[in-house]
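Keep the structure open beside you and work through each exercise step by step.

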Amino acid sequence: MDVSALPLLWYLLVGLLFAGYAVLDGFDLGVGTLHLLGRTDEQRRIFLNAIGPVWDGNEVWLVVAGGALFAAFPPVYATVFSGFYLALILLLFALIFRAVAIEFRSKEPGRTWRQTWDVSFSVASTTAALLMGVALGNVIAGIPLDVAGDYTGSFFDLLNPYSLIVGATTVALFTMHGTIYLTLRTEGATQALVARWIRPAILTFVTLYATTTLATLLFVPHMIAPFAARPPLAVVPLGTFGAVLGIPLAVRHGRPGTAFVASCLTILGLWALVGIGMFPRLVVATDPVLSLTLHNAASSPGTLRTMTIIAAIGGPLVAAYTVGIYWVFRGKVRLDHMSY
């Protein structure tokens, strides 16, 4: 492969890894947000066991995506992780508390013990989704950078209206995704309870999706420019809109499996919109000249070539593990002595 194409290849691969993480961990973060709505201890255990065999494997995609970003585009990794330091520490704590809650909740039968971990699990899941969305909103809208690529704003500058809207949309998207997933994995009274959450979850997401789209059109015009310059790219937003529309249609016809596929395609479509809108930038600076792109932030050709060889070997293994674990633990969730 021509070495000049390697930065573009890794731009696509890093985006694919983050998209895969959003699809896979998105529904189990959504299950966490919904967790406190379970009415009985048994229902909350079913929710936990619906994601129990897969949640930690899903987070591997985030680790791999972060590692790929670090190796392929080190200036981007340095800028984002130093500029968003406090936000990322909060995200790390949220993911830790969430994992501990999953493991500890069912170790003791006490009501106070379990309620404490229930709250921890739900709050941590929602906080993680919100922080991811806020970070994405800032990267899209642009952050103040100096000539060295260092972030010159403060933590509170990250909490601007546009990024908060993107954060709320992310929480709503993952909640809808998790609701549909729970419908697939539950049965009986628990499934009937979850089914009542689908329509409000879809309505909330669609409202915030429309709000974010309008805010992007009005306040983040550089995200629209690639589509205006290349009209054939309109197939991407149109396809994403079609996927969003397919969710309520599938629900109305009693096809939760189709609704889940449409929800996955919605996430992939939204991520494709972000990738196209930002291309070739990975971090947008308020001064466009200082933006970090795949051209000025890529590692050396030798590093990218070595990474490509590693990815060609390791990528199929990760994909095979993911497919295998979902196949083994497919079907409805039933509690036994091995359950959380």
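**Exercise 1.** Find how many aromatic pairs there are, then classify Phe 27 with Phe 260.

*Solution.* Start with the rule: rings of Phe, Tyr and Trp (its six-membered ring) pair if their centres lie within 6.5 Å; planes under 30 degrees apart are stacked, over 60 edge-to-face, and the rest tilted. By this rule the count is 14 aromatic pairs. For Phe 27 and Phe 260, the centres are 6.0 Å apart and the planes make an angle of 65°, so the pair is edge-to-face. Next, locate the partners: Phe 27 belongs to helix α1 (residues 6-34) and Phe 260 to helix α11 (residues 256-278), 233 residues apart, so this pair links distant parts of the chain. Helices here are DSSP runs (H or I, at least four residues), numbered from the N terminus.

A word on the source: this is a predicted model, where local features need pLDDT of at least 70 and side-chain atom pairs count only at pLDDT 80 or more, while totals for chains, interfaces and linings use all residues. Residues are numbered from 1 along each chain as its sequence is written, and side-chain values use heavy atoms, leaving out hydrogens and water.

**Exercise 2.** Decide whether Phe 27 is buried or exposed.

*Solution.* Buried means under 20% relative accessible area, exposed over 50%, and partly exposed in between (1.4 Å probe, protein chains only). Phe 27 has 1%, so Phe 27 is buried. Phe 260, at 16%, is buried too.

**Exercise 3.** Name the cluster that contains Phe 27.

*Solution.* Follow the ring pairs: they join Phe 27, Tyr 181, Phe 260 and Tyr 326 into a cluster.

How values were computed:
Helices (H or I, at least four residues) and strands (E, at least two) are DSSP runs, numbered from the N terminus.
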